Amino acid sequence: MQSTFAAPPAATENIPPAPPTCAVLLTNLGTPDAPTAPALRRYLAQFLGDPRVVEIPRAAWLPILHGIILRTRPAKSAAKYASIWTEEGSPLAVWTKKQALMLRGWLGEAGLRRVLVVPAMRYGNPSIAAQLQALQQQGIQRVLVLPLYPQYSSTTTASVVDAVYAWLGQQRNMPEVRFVNSYHDDPGYIQALAKSVKAHWAKQGGPAQKLVMSFHGIPARNVQLGDPYAAECQTTARLLGAALGLSPDKYQVTFQSRFGKAQWLQPYTEPTLMEMARKGVARVDVMCPGFTGDCLETLEEINMEAREAFLHAGGKEFRYIACLNDSNAWISALSSIAQTHLQGWPVR
């Protein structure tokens, strides 16, 4: 009688998982290493020296930058950073690291276990070049560059692309690279914003008289030359207003962080808030949809300076709505965006 022996089951539990070959480079603007004048001088020299940020001819701009601005502005900026600095460090760096860590976990739960997620800063540390170099040394062959800028601008997203290509231009064996340009109208992103506003309203007992959506400004000339940023900000605001059930007269889009004497996108945030107060608007909700993590521009410029301006002009209640930060709805949206752009790569 012939015996038949079944092969033993494969001991898959003893097979180590395949190493990651793909990575998401989660990029943000950047931050100084410390709230000190020397650290701000290094940071501002890099930031304001970027021709994507200041489109003035180098021969005219660099003497102004190094001869005037970097001699006077670092101390003032350091004091502002000191007012919002935490034990963990710069809020922007803290939130970016947390978002990268959470995104790695979210992707892993979705089955994308062969994808690393690392944070990188366009200006300051960890730099884009340093993180790309580290990924290359780990054997990463494909990189998805995902900027934490929902709305595209040549001053932000395009500058990230410049930095990535500057590093690639020095490599013989380049990884495959993809870029996410914008997600200003992504349903998950809009719903994350709406959820944060509704949670704020629930705590405050309902909406204020006006919801002010303050976006970072850019020079008006940039838009005239073809930058889609302003239109994308308006689209985000319109979609968010609809998700909240607000009529257009219940919310206001404004632009903050103007630098220099040139005309920037209008209306400007602080003057608009002051005018609202003078016209009898007693209570405002203020949020910054274009910032995915709280930082100097939201915590100091809006929640301190703009708050003081509104109250001094006669307003009664200024209610700041925190950025998306590490909210589950936001990381879930970020995970969906990443998964869409990772399709076709060996991620499982």
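Two strands count as paired here if DSSP finds at least two bridges between them. Strands (E, at least two residues) and helices (H or I, at least four) are DSSP runs, numbered from the N terminus. With that in hand, Leu211 stands opposite Asp285 in β7. This is a predicted model, in which local features need pLDDT of at least 70 and side-chain atom pairs count only at pLDDT 80 or more, while totals for chains, interfaces and linings use all residues. Residues are numbered from 1 along each chain as its sequence is written, and side-chain values use heavy atoms, with hydrogens and water left out.

- Four strands form an open sheet in the order β6-β5-β7-β8, and their pairing is parallel.
- The edges belong to β6 (251-256) and β8 (317-320); each has a single partner strand, so one side of each is left without a neighbour in the sheet.
- From one strand to the next, the twist averages 25°. Angles like this run from 0 to 180 degrees between N-to-C directions, and axes are lines fitted to C-alpha atoms, for helices over the stretch in contact.
- Strand β5 (residues 210-216) is joined to strand β7 (residues 283-287) by 4 bridges, and the two run parallel.
- Besides the Leu211 and Asp285 pair, Val212 stands opposite Val286 in β7.
- On the β6 side, β5 pairs in the parallel sense over 6 bridges, and Phe215 has Phe255 in β6 as its bridge partner.
- β5 is largely enclosed by the rest of the structure, because 6 of its 7 residues are buried. Buried means under 20% relative accessible area, exposed means over 50%, and partly exposed lies in between (1.4 Å probe, protein chains only).

**Helices α9 and α10**

- Helix α9 (residues 269-278) lies across β5, β6, β7 and β8, and runs at about 140° to β6.
- α9 also packs with helix α10 (residues 296-312) at an angle of about 35°, with the axes 8 Å apart.
- By class, the contact of α9 with α10 has 7 nonpolar, 1 polar and 2 charged residues. Ala, Val, Leu, Ile, Met, Phe, Trp, Tyr, Cys and Pro count as nonpolar, Asp, Glu, Lys and Arg as charged, and the others, Gly among them, as polar.

**The sheet around β1 and β3**

- Another open sheet of 4 strands has the order β2-β1-β3-β4, again with parallel pairing.
- β2 and β4 (176-179) are its edge strands, each pairing on one side only.
- Neighbouring strands of this sheet are turned by 25° against each other on average, direction ignored.
- Strand β3 (residues 142-147) pairs with β4 in the parallel sense over 4 bridges, and Val143 has Val177 in β4 as its bridge partner.
- α4 packs on the sheet, where it touches β1 (22-31), β2 and β3, and its direction makes about 155° with that of β2.
- α11 packs on the sheet as well, touching β1, β2, β3 and β4, with its direction at about 140° to that of β3.

**Nonpolar cores**

- The largest nonpolar core has 48 residues, and those with the most contacts inside it are Val24, Leu146, Trp330 and Leu342. Such a core is a set of buried Ala, Val, Leu, Ile, Met, Phe, Trp, Tyr and Cys residues joined through side-chain atoms within 4.5 Å.
- Leaving aside neighbours within four places in sequence, Leu342 is in contact with Val24, Leu112, Val115, Leu144, Arg178 and Val347.

**Backbone details in the loops**

- The peptide bond from Asn125 to Pro126 is cis, with omega near -5°; Pro126 sits in the loop between β2 (115-124) and α4 (128-137).
- The peptide bond from Gln266 to Pro267 is also cis, with omega near 5°, and Pro267 belongs to the loop between β6 and α9.
- Ser257 lies in the loop between β6 and α9. Its phi is near 65°, a positive value in a residue other than glycine, and Ser257 is buried at a relative accessible area of 15%.
- Asn325, in the loop between β8 and α11 (328-342), has a positive phi near 50° and is not a glycine. Asn325 is buried, with a relative accessible area of 7%.

Methods
Contact = heavy atoms within 4.5 Å.
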